[in-house]
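Subject: Structure handover

Hi,

Here is the structure for you to look through. My notes follow below it.

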Amino acid sequence: MNKLLIVGSVAFDAIETPFGKTDKILGGAAPYIGLSASFFNLQSAIVSVVGDDFPQEYLDLLTARNIDISGLEVVKGGKTFFWSGLYHNDLNSRDTLATELNVLGDFQPKVPQNFKNADVVMLGNLHPLVQSSVLDQMESKPKLVVLDTMNFWMDCALPELLDVMKRIDVITINDEEARQLSGEYSLVKAAAKIRKMGPEYVVIKKGEHGALLFHKKEVFFAPALPLEEVFDPTGAGDTFAGGFAGFITQSENISFENMKNAVIYGSNLASFSVEKFGTERMIDLDKEEVVSRLKQFKSLTQFDIEL
């Protein structure tokens with residue numbers, strides 16, 4: 001089986017939306033990416049850090065999904081990264097109530113020896129220097145490197161972000177971040193400018209309005225599936241990234257045409273993630289549901305136009 005290396009935060013999240021609130025639950029980019037990628041035929045490993053307050057049941061949950069956690073460092077006496085957020089009524093905007101980096105503040109990633117030759121590397125949202133240090137540890141050049149980032153790093157670590165972007169193949173960001181990074185309002189112009197910074201492919205996520213894939217002069221748009229219930233958008237972008245990277249890892253086909261499929265698979269899995277709080281829906285999800293909803297995506301997007 002092909003190998004997918006996942007780098008990202010593992011956290012406790014406390015979330016409040018118009019539909020309810022949670023105490024500390026499993027969060028962070030890496031679990032969402034890992035759980036999403038677990039629906040594909042591949043080997044995956046998480047590189048991250050937690051404190052010794054991180055429950056064994058969460059570690060067991062990850063290993064039960066065949067996710068290698070030998071690269072997940074547990075710091076004795078340390079506290080796990082914590083984030084708390086309040087979503088507004090439209091669920092598109094939120095206020096961050098608390099961010100406690102804790103052990104993530106001094107994180108020095110260590111890639112497991114048997115994943116230093118991973119086929120695909122998924123660099124979840126972390127400091128660009130951490131992302132770069134992971135690439136430095138790879139013993140062979142990955143077939144594909146996917147990077148996720150956010151406006152926070154554009155504000156406080158832009159030179160480092162631009163450095164790591166020269167080493168990647170795909171960047172996944174939302175529309176607001178694409179506009180900030182490029183200085184362009186038009187997403188077509190923004191993608192063209194971002195491609196000049198390094199990545200060959202640019203994926204721009206637009207939440208409930210779908211996702212765009214750009215490559216040279218080619219553009220592909222995947223809609224988001226209209227859902228009856230949206231409970232919590234936390235981690236939807238990471239779930240999308242996990243589905244995208246997981247599909248590419250399994251298929252071994254790195255082409256624009258195949259990335260269209262990857263965008264659909266990512267969008268499909270993200271549509272489940274938002275239906276319950278945190279990772280709860282991804283934990284309960286089974287493959288039959290995934291396939292059934294993929295058929296809905298197909299009927300939503302395929303039609304004949306009479307000319």
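Axes here are lines fitted to C-alpha atoms, for helices over the stretch in contact, and angles run from 0 to 180 degrees between N-to-C directions. Helices (H or I, at least four residues) and strands (E, at least two) are DSSP runs, numbered from the N terminus.

This is a predicted model, where local features need pLDDT of at least 70, side-chain atom pairs count only at pLDDT 80 or more, and totals for chains, interfaces and linings use all residues. Residues are numbered from 1 along each chain as its sequence is written, and side-chain values use heavy atoms, with hydrogens and water left out.

**Helix pairs**

Start with helix 3 (residues 128-137) and helix 5 (residues 158-165). Their axes come within 8 Å and cross at roughly 30 degrees. Helix 3 and helix 5 are therefore roughly parallel (angles under 35 degrees count as such; over 145 is roughly antiparallel, 65 to 115 roughly perpendicular, the rest oblique). Their crossing is left-handed, meaning that the near helix is turned anticlockwise from the far one by less than a right angle; clockwise is right-handed. Pro128, Leu129, Gln131, Ser132 and Leu135 of helix 3 meet Glu160, Leu161 and Val164 of helix 5. Contact means heavy atoms within 4.5 Å.

Next, helix 1 (residues 29-37) packs with helix 8 (residues 236-251). The angle is about 40 degrees, and the axes are 7 Å apart. That makes helix 1 oblique to helix 8. The crossing is right-handed. Helix 8 brings Gly242, Gly243 and Gly246, among others, to the contact.

Helix 9 (residues 256-273) and helix 11 cross at roughly 120 degrees, their axes coming within 10 Å. This crossing is right-handed. Phe272 of helix 9 and Phe297 of helix 11 are among the contact residues.

**Charges and surface**

The structure holds 13 salt bridges. Each is a side-chain nitrogen of Lys or Arg within 4 Å of a carboxyl oxygen of Asp or Glu. One joins Asp175 and Lys206 (3.8 Å, N to O). Asp175 is in helix 6 and Lys206 in the loop between strand 12 and strand 13, 31 residues apart.

Phe303, Ile305 and Leu307 form a nonpolar surface patch, with about 470 Å² of accessible area together. Leu307 lies in the segment after helix 11 (287-301).

Best wishes

Conventions:
Patch = residues over 30% accessible without salt bridge, like charges linked within 9 Å, V, L, I, M, F, W, Y side chains within 5 Å. Areas by Shrake-Rupley, 256 points an atom, 1.4 Å probe, with all protein chains shown as cover.
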